Amino acid sequence: QGQLVESGGGLVQAGGSLRLSCAASGNILSVNDMGWYRQAPGKQRELVADITRTSSTNYVDSVKGRFTISRVNAKRTVYLQMNSLKPEDTSVYYCYARILIGGGTGWIDYWGQGTQVTVSS
């Protein structure tokens, strides 16, 4: 089996920065797409950014130019650098990864436990 462990959330003032990390561990043969979603109270979960194994990236329009997603394949880790944070970025942020688990179970989508990001005005 596999799991994702996130870190790096917290409270920051508007205009500040935070860096989220998410590491995959377990009986992993390979990690394909990785990314970050967020969900604010009363709203649907939305994709923030994702990155392929070859580092092609995709961002939701509201974070373009402010957030940067990256990954280190050897560490099975994905990062989200968030700059110029705004109060509307306040959400629980979840990482995900499509992981090939040993034992013949195939590709499985895993989710992190979520980390709170709060941006004060």
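Modeller: Let's start with a pair: β9 and β11 are antiparallel and share 3 bridges. Two strands count as paired if DSSP finds at least two bridges between them. Strands are DSSP runs of E, at least two residues long, and helices are runs of H or I, at least four long, all numbered from the N terminus.

Colleague: Which residue stands opposite threonine 115 in β11?
Modeller: Tyrosine 93 does.

Colleague: Before we go on, what sort of model is this, and how are residues numbered?
Modeller: It is a predicted model, where local features need pLDDT of at least 70 and side-chain atom pairs need 80 or more, while totals for chains, interfaces and linings use all residues. Residues are numbered from 1 along each chain as its sequence is written, and side-chain values use heavy atoms, leaving out hydrogens and water.

Colleague: Back to β11. Which residues are on its covered face?
Modeller: Thr115, Val117 and Val119 are on the covered face. Gln116, Thr118 and Ser120 make up the uncovered one.

Colleague: Does β2 run parallel or antiparallel to β11?
Modeller: Parallel. Strand β2 (residues 10–13) is joined to β11 by 4 bridges. In one of the links, glutamine 13 has serine 120 as its bridge partner.

Colleague: Now β9. What does valine 92 touch?
Modeller: Valine 92 sits in β9, which covers residues 91–101. Leaving aside residues up to four places away in sequence, its contacts are Tyr37, Arg38, Gln39, Gly114, Thr115 and Gln116. Contact means heavy atoms within 4.5 Å.

Colleague: New topic. How many disulfides are there?
Modeller: The search of the whole structure finds 1. A disulfide here is a pair of cysteine sulfur atoms within 2.5 Å. Cysteine 22 and cysteine 95 form it, with S to S at 2.0 Å. The pair links distant parts of the chain, 73 residues apart: cysteine 22 is in β3 (residues 18–26) and cysteine 95 is in β9.

Colleague: Why is it called right-handed?
Modeller: The torsion about the S-S bond of cysteine 22 and cysteine 95 is about 45 degrees, so the disulfide is right-handed.

Colleague: Are those two cysteines buried or exposed?
Modeller: Cysteine 22 and cysteine 95 are both buried. Buried means under 20% relative accessible area, exposed means over 50%, and partly exposed is in between, with a 1.4 Å probe and protein chains only.

Colleague: How many residues does the largest nonpolar core have?
Modeller: It has 29 residues. Such a core is a set of buried Ala, Val, Leu, Ile, Met, Phe, Trp, Tyr and Cys residues joined through side-chain atoms within 4.5 Å. Trp36, Leu80, Met82, Tyr93 and Ile99 have the most contacts inside the core. The largest share, 5 residues, comes from β9.

Colleague: And what does leucine 80 touch?
Modeller: Among its contacts beyond four places in sequence are Leu20, Trp36, Val48, Phe67, Ile69 and Tyr93.

Colleague: What is the strand order in the open sheet of 4 strands?
Modeller: β1-β3-β8-β7, with antiparallel pairing. β1 (2–7) and β7 stand at the edges with a single partner strand each, so one side of each has no neighbour in the sheet. β1 and β3 pair over 6 bridges. There, glutamate 6 has cysteine 22 as its bridge partner.

Colleague: Last one. How many helices and strands are in the chain?
Modeller: The chain has 0 helices and 11 strands. Of its 121 residues, 41% count as buried.
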